[in-house]
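Dear colleague,

I am handing over the structure we spoke about, and it is shown directly below. Please keep it open while you read the notes that follow.

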Amino acid sequence: IKGGIFKVELPGAPEQIKLFCGKEGSRRCDRVDLDVKGNTIEGYLKQKLNPREGVSLFAYLPSHLFHSPSILEHLKFYVFWFPYVPLLLIFILVLFGIWYMFGRDRKGPVVVRFKPPEDIPPQEAGVIYDNTLDGRDIVAMILNWARRGFIKIEEEKDQFLIFDKTDYVLTKLKDPDKSFKPYERQLFYAILFKPSVRLSELRKKPSLYKTVQDVRKKLLEEVDSYAYSGKSLIIGNTIAKVAKIAMIFVALFSLTFLIPAFVGLIASGDDFIYALFSFGNVVMFLSVLIFVLSLYVFGKAIINRSNRGDVIYNKLVGFKEFFERVEKPMLERLLKEDPDYFSKYIPYAAALNILDIWVEKFSGLLSQPPQWYRGDIHRIDTGFSKSFSGAFAPSSSGSSFASGSVGGVGGGSIGGGGGGSW
């Protein structure tokens with residue numbers, strides 16, 4: 001461009017003017033003469049502009065020429081640039097409405113009880129207690145087989161140099177009877193595919209993982225049929241599982257999406273459009289994250305026990321509260337009334353996540369350890385349960401039974417502890 005004239009009319013007289021010309025990034029201009037008269041600026045190009053060169057004019061106006069946007073104008077601005085935010089709020093309100101109408105728990109009286117509801121198997125009691133099929137529920141089922149005389153659990157230690165390695169042997173004493181439910185019978189024969197099996201062998205049996213998944217499905221369907229309303233247990237856990245998978249993708253996506261957006265927001269400086277774009281990326285990511293988290297919370301909250309399920313839950317809470325507070329003199333009295341009290345209800349202790357407390361409080365009270373367990377009974381929570389759960393986790397998949405799959409009893413499922421002597 002060899003020459004030219006431009007004219008700019010502003011709403012008021014500018015307080016300061018800056019002019020730049022030339023290539024991008026230039027901070028001066030000696031090719032244009034300016035003539036400022038009130039609110040009018042005229043410019044005259046006295047030297048040519050080469051290709052990819054231009055002229056930029058910045059005029060600083062007094063603040064009284066502008067008005068602060070109203071709340072409505074603010075809302076219009078944000079809705080225009082971030083339409084998914086109000087949609088997210090509507091989605092959360094809809095989820096809350098569904099939960100308020102169908103998912104709220106009914107609070108009933110909790111009475112301290114010396115015994116759990118014995119008409120409910122311990123593995124199903126564990127599901128009803130926390131609305132989740134955990135690794136501790138499967139361990140509770142195995143312990144129930146043992147204390148009823150169907151299997152025997154034996155702890156074996158092998159020493160290699162200075163290291164100790166513990167393995168566990170399950171020995172079948174008799175076949176399941178009519179009291180076994182179909183899914184329970186299926187798992188029994190899947191684990192005890194021969195008279196005596198080591199847990200180290202189960203780790204090398206990939207087909208067992210598939211069997212446990214099938215058992216898990218049938219167990220949830222069984223509990224859902226009598227303890228929950230409208231199949232809410234399966235529906236809620238399915239929604240929560242989908243949300244957890246989505247969280248993994250959101251976390252991975254953040255590495256290539258959120259971090260560059262934050263960097264762009266910080267580095268944008270005075271570039272409003274670039275800052276707005278980067279801020280929009282951050283808001284979009286946070287909206288997706290909130291959406292997924294809301295879906296997970298909704299999946300857990302929508303699970304609604306039936307009247308019968310509430311009665312069972314209150315009995316389990318009463319039993320757990322009793323045992324968490326009970327003193328040894330009371331346990332001594334219970335053992336006199338029923339010498340099998342320890343073994344009879346230890347599966348329920350596992351299902352209610354108090355197995356470590358159970359073992360510790362009975363320390364020194366039993367004349368001899370249970371016949372169905374040969375080894376250090378204090379390691380039944382931190383040793384046997386963890387080793388057992390590991391047998392169901394194929395190394396190639398990394399899957400676990402905890403929170404809806406196989407294994408994972410350690411680290412929050414059955415806990416640790418123990419101590420004392422028999």
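In helix H12, the residues Tyr341, Phe342, Ser343, Lys344, Tyr345, Ile346, Pro347, Tyr348, Ala349, Ala350 and Ala351 are buried, where buried means under 20% relative accessible area, exposed means over 50%, and partly exposed lies in between, with a 1.4 Å probe and protein chains only. H12 spans residues 341-351 and is mostly covered, 11 of its 11 residues being buried; helices here are DSSP runs of H or I with at least four residues, strands are runs of E with at least two, and both are numbered from the N terminus. The helix is followed by Asn353, whose phi is positive, near 65 degrees.

Before going further, please note that this is a predicted model, in which local features need pLDDT of at least 70 and side-chain atom pairs count only at pLDDT 80 or more, while totals for chains, interfaces and linings use all residues. Residues are numbered from 1 along each chain as its sequence is written, and side-chain values use heavy atoms, with hydrogens and water left out.

**Overall picture**

The protein has 422 residues, of which buried residues make up 42%, and its secondary structure comes to 14 helices and 9 strands. Its accessible surface is about 23500 Å², with 59% of that belonging to carbon and sulfur atoms; these areas come from the Shrake-Rupley method with a 1.4 Å probe, and for residues only the protein chains shown count as cover. Taking the contacts (heavy atoms within 4.5 Å) with a separation of 6 or more, 73% are between residues 24 or more positions apart.

**Salt bridges**

A salt bridge is taken here as a side-chain nitrogen of Lys or Arg within 4 Å of a carboxyl oxygen of Asp or Glu, and by this rule the count comes to 18.

Another salt bridge joins the side chains of Glu124 and Lys181, at 2.9 Å from N to O. Glu124 lies in helix H3 (residues 122-130) and Lys181 in the loop between strand S7 (163-172) and helix H5 (182-191), so this pair ties together parts that are 57 residues apart in sequence. Glu124 is buried, with a relative accessible area of 0%, and salt bridges that share partners join Glu124, Lys181 and Glu222 into one network.

The salt bridge of Lys37 and Asp35 has an N to O distance of 3.8 Å. Lys37 is exposed, with a relative accessible area of 59%, whereas Asp35 counts as partly exposed at 27%.

**Helix H3**

Of the 9 residues of H3, 7 are buried, so this helix is largely enclosed by the rest of the structure. The buried residues in H3 are Pro122, Gln123, Glu124, Ala125, Gly126, Val127 and Ile128. After H3 comes Asn131, whose phi is positive, near 60 degrees.

**Disulfide**

A search of the whole structure finds 1 disulfide, defined as a pair of cysteine sulfur atoms within 2.5 Å. Cys21 and Cys29 form this link, with their sulfur atoms 2.1 Å apart, and with 105 degrees about the S-S bond the link is right-handed. Cys21 counts as buried at 6% relative accessibility, while Cys29 counts as partly exposed at 21%.

**Nonpolar core and surface patch**

A nonpolar core is a set of buried Ala, Val, Leu, Ile, Met, Phe, Trp, Tyr and Cys residues joined through side-chain atoms within 4.5 Å. The largest has 71 residues, among which Trp145, Ile191, Trp358, Phe362, Ile380 and Phe384 touch the most other members. Not counting residues up to four places away in sequence, Phe384 touches Val139, Ile142, Leu143, Ile153, Tyr168, Leu170, Leu199, Tyr373 and Arg379.

Tyr100 is found in helix H2 (residues 84-103) and counts as partly exposed at 43% relative accessibility.

With best wishes
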